[in-house]
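Please look through the sequence and the model below before reading my points, which are meant to be checked against the structure one at a time.

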Amino acid sequence: MMQELGLERFSNDVVSLDLTPPSQTSSTSLSIDEEESSEAKIRRLISEHPVIIFSKSSCCMCHVMKRLLATIGVIPTVIELDDHEVSSLPLALGEEYSGGGSVVVPPPAVFIGRECVGGLESLVALHLSGHLVPKLVQVGALWV
């Protein structure tokens, strides 16, 4: 069933989603809208998930992010991006996630409650400052 939707599950609970435009994929796509661009899919995923990490498949920093969040009690949605999809990430985010400036967030990029937290360094800083858990509670990703 998951492969029919364009999803692939790995042993470490990572779900891989093919974000290539419909003209380059098979007829089995996660999106209901076959004309949805990579940018639109990324925006939709950010809006649908309280905690989401965009990562490259071989990224060790993503593993650290997932472990930190799991230790707190949160299992984020993890989207593995291919090299051509990584270039879509900044385009998809634009001003709405950057506070008006241009955004260049290379993977891993974590979003909590539709807000771009940034990379691993930003996530750890948020945690060390004591603001991560309240933020996770606020978006409904963690219950205390």
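1. Helix H2 passes helix H5 in a left-handed crossing, and you can find this pair by locating residues 60–72 for H2 and residues 120–128 for H5. Please keep in mind throughout that this is a predicted model.

2. Where H2 and H5 pack against each other, their axes are 10 Å apart and the angle between them is about 20 degrees. Since angles under 35 degrees count as roughly parallel, the two helices are therefore described as roughly parallel to each other.

3. The strands of the unit, S3 (residues 51–56) and S4, run parallel and are joined by 5 bridges.

4. Is strand S4 mostly covered or mostly uncovered? Strand S4, which spans residues 77–81, is mostly covered, with 4 of its 5 residues buried. As background for reading any strand, side chains in a regular strand alternate between the two faces of the sheet.

5. How many salt bridges does a search of the whole structure find? The search finds 2, and the general idea behind such contacts is that side chains of opposite charge can pair when their charged atoms come close.

6. One of these salt bridges brings together the side chains of Arg-44 and Glu-48, with a distance of 3.4 Å from N to O. Both residues lie in helix H1 (residues 38–48), where they are 4 residues apart, or about one turn of the helix. Arg-44 is partly exposed, with a relative accessible area of 22%, and Glu-48 is likewise partly exposed, with a value of 47%.

7. Another salt bridge is formed by Glu-115 with Lys-135, whose closest N and O atoms are 3.1 Å apart. This pair links distant parts of the chain, as Glu-115 lies in strand S6 (residues 115–118) and Lys-135 in helix H6 (residues 132–138), 20 residues apart.

8. Please note how the partners of that pair are classed, since the cut-off for buried is under 20% relative accessible area. Lys-135, with a relative accessible area of 17%, is therefore buried, whereas Glu-115, at 43% relative accessibility, counts as partly exposed.

Definitions and conventions. Residues are numbered from 1 along each chain as its sequence is written. This is a predicted model: local features need pLDDT of at least 70, side-chain atom pairs count only at pLDDT 80 or more; totals for chains, interfaces and linings use all residues. Side-chain values use heavy atoms; hydrogens and water are left out. Buried means under 20% relative accessible area, exposed over 50%, partly exposed in between (1.4 Å probe, protein chains only). Two strands pair if DSSP finds at least two bridges between them. A crossover is right-handed if, with the strands pointing away from the viewer, the path from the first strand over the helix to the second runs clockwise. A salt bridge is a side-chain nitrogen of Lys or Arg within 4 Å of a carboxyl oxygen of Asp or Glu. Axes are lines fitted to C-alpha atoms, for helices over the stretch in contact, and angles run from 0 to 180 degrees between N-to-C directions. Angles under 35 degrees count as roughly parallel, over 145 as roughly antiparallel, 65 to 115 as roughly perpendicular and the rest as oblique. A crossing is left-handed if the near helix is turned anticlockwise from the far one by less than a right angle, and right-handed if clockwise.
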